[in-house]
Amino acid sequence: MKKIGFIGIGKLGLDCAEVMAEKHEVRGYDIYPRTSDSVKVCDINELVNESEWIFIAVPTPHADGYDGSVPSSHMEPRDFGHDAVIDAIQKVNTHARSSKKVVLISTVLPGTTRKNFVPLLDPKHQFLYNPYLIAMGSVKWDMVNPEMIMIGTEDGDWNGIAGELKDLYDTVMQNDPRYEIGTWDECEAVKIFYNTFISAKVGLVNMVQDFAMKIGNINVDVVTNALARSTMRIMGPKYMTAGMGDAGACHPRDNIALRWLAKEYNIGYDLFDTVMHAREIQARNLALFLVENAKQHGINIVIHGKAYKPDVPYCIGSYSTLVGHYIKEAGFDVKYLDPLADDPADVISELAGPAVILWAHDRKITYEYTGDQPETEPYCEIPQGSVIVDPWRKLVDMTGLTVVHYGNTRTK
Ligand SMILES: NC(=O)c1ccc[n+]([C@@H]2O[C@H](COP(=O)([O-])OP(=O)(O)OC[C@H]3O[C@@H](n4cnc5c(N)ncnc54)[C@H](O)[C@@H]3O)[C@@H](O)[C@H]2O)c1
């Protein structure tokens with residue numbers, strides 16, 4: 001039996017504390033009077049000093065008008081409020097006479113914990129970020145049957161306190177949950193982007209509904225059910241690896257044309273424009289990263305793969321050339337390596353010297369679902385001193401070459 005304290009026993013914290021109290025000795029503290037049959041509500045000094053684990057479940061409120069119940073897309077974006085979390089951390093510092101395991105549950109945006117909370121916590125304590133995927137109305141059931149448990153540590157390490165928290169959860173869980181261990185920042189991101197995926201999904205199916213209402217002869221359920229049964233690409237892990245943007249002869253032009261349809265039927269918003277705009281800026285961000293590397297090393301930029309994917313000649317809708325466009329816009333030259341490309345402009349077959357190379361083609365990423373496993377072989381010999389920027393983060397270090405995993409900013 002562990003000694004556990006919950007600071008903040010509101011809608012989330014109280015039910016979670018009561019679940020823990022079925023197996024452990026649990027205390028709760030709140031600035032608002034609370035009562036419970038199984039959790040001992042006490043003052044902050046007793047809670048801090050009588051608990052080995054301290055869970056913080058205080059509010060991280062949005063400002064008035066930012067809950068989505070009234071229009072807000074025209075308003076200045078704002079972060080959540082952090083005052084209650086900071087207050088809870090300071091109270092732990094003030095009262096604790098020994099080292100504590102402090103676990104923050106409250107929802108915050110990625111980067112918040114490292115920047116705003118950890119520097120305030122007395123270094124004698126240990127800190128985990130552990131957000132919950134819990135919905136009102138089923139808090140207790142959700143708590144013990146979660147889709148996953150996210151445990152964030154400073155460096156994403158499983159060992160030590162993260163493993164101890166897992167052991168603690170194993171005493172109360174009913175569904176043998178999946179554990180996702182990451183850095184504080186990664187777990188903040190998993191939690192908040194989980195919600196964004198849901199919002200995006202609902203936004204997409206409701207957009208089909210809007211089109212059904214405008215065009216006629218369409219039952220939205222026939223369309224969304226067909227999409228829901230499309231488990232090869234849409235539902236499932238496919239397209240869940242960040243890397244080069246969506247490309248090819250169909251997807252980009254379909255979205256570009258759908259912009260017209262949104263206007264034609266006066267849908268009132270243009271999600272396609274947002275999707276395509278993001279795709280372009282993502283390409284530009286990657287291009288500028290290549291340019292920065294080229295400047296730093298004093299070498300040229302080459303894109304390994306011009307066709308929109310490996311093993312085909314088609315350069316139509318290619319994300320490589322979109323990235324190339326932004327490289328040129330930044331005043332830099334760009335060449336392509338691609339023995340199959342059907343558009344020979346700027347395609348070379350050899351590298352005369354070291355280059356910054358964007359590893360656009362990765363056969364495994366593209367074709368793994370067919371059971372076709374071979375890796376992409378380099379399209380020519382890669383000179384020593386080259387810097388390979390791998391947007392898929394699959395290449396391993398090679399002697400004489402620098403491999404940069406674009407999208408992985410962990411320091412260890
Ligand atoms: N409610 C949910 O279903 C849910 C789900 C996932 C995540 N979350 C997150 O959990 C956090 C808490 O949410 P909630 O719904 O329980 O909020 P809530 O407002 O119901 O409860 C928070 C409790 O903290 C108390 N409190 C406020 N400031 C305090 C302080 N300085 N010291 C001690 N106690 C203090 C409040 O009196 C309240 O009882 C938020 O960050 C929220 O985003 C909530």
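The paragraphs below go from the whole chain to single residues.

This is a predicted model, in which local features need pLDDT of at least 70 and side-chain atom pairs count only at pLDDT 80 or more, whereas totals for chains, interfaces and linings use all residues. Residues are numbered from 1 along each chain as its sequence is written, and side-chain values use heavy atoms, with hydrogens and water left out.

The secondary structure of the protein chain comes to 12 helices and 14 strands, where helices (H or I, at least four residues) and strands (E, at least two) are DSSP runs numbered from the N terminus. Along its principal axes, the C-alpha trace of the protein chain spans about 75 × 60 × 40 Å. Of the 412 residues in the protein chain, 42% count as buried; buried means under 20% relative accessible area, exposed over 50%, and partly exposed in between, with a 1.4 Å probe and protein chains only. Contact means heavy atoms within 4.5 Å, and among the contacts in the protein chain with a separation of 6 or more, 66% are accounted for by residues 24 or more positions apart.

One part of the fold to trace is an open sheet of six strands, with parallel pairing and the order β11-β10-β9-β12-β13-β14; two strands pair if DSSP finds at least two bridges between them. The strands β11 and β14 (402-405) stand at the edges with a single partner strand each, so one side of each is left without a neighbour in the sheet. Within the sheet, β9 (residues 300-304) and β10 (residues 334-337) pair in the parallel sense over four bridges. The chain crosses from β9 to β10 through helix α11 (residues 319-329), and this β-α-β crossover is right-handed, a term that applies if, with the strands pointing away from the viewer, the path from the first strand over the helix to the second runs clockwise.

Leaving aside its neighbours within four places in sequence, F6 is in contact with residues including C16, A17, M20, L47, F55 and I105. Ring pairs also link F6, W53, F55, Y132 and Y169 into a cluster.

A search of the whole structure finds seven aromatic pairs; rings of Phe, Tyr and Trp (its six-membered ring) pair if their centres lie within 6.5 Å, and planes under 30 degrees apart count as stacked, over 60 as edge-to-face and the rest as tilted. F127 and W184 form an edge-to-face pair, 6.0 Å centre to centre with 80 degrees between the planes. Since F127 lies in strand β6 (residues 126-129) and W184 in helix α7 (residues 184-215), the pair ties together parts that are 57 residues apart in sequence. F127 is buried at a relative accessible area of 7%, and W184 counts as buried at 5%. The rings of F211 and F272 have their centres 6.2 Å apart and their planes at 40 degrees, so this pair is tilted. F211 lies in helix α7 and F272 in helix α10 (residues 271-297), so parts that are 61 residues apart in sequence are tied together by the pair. F211 is buried at 9%, and F272 is buried at 5%.

Charged side chains complete the picture. The charged end of R78 sits over the ring of Y66, 5.8 Å from its centre, and that of K238 sits over the ring of Y239, 5.0 Å from its centre; a charge sits over a ring if NZ of Lys or CZ of Arg is within 6 Å of the ring centre and within 35 degrees of the ring normal.
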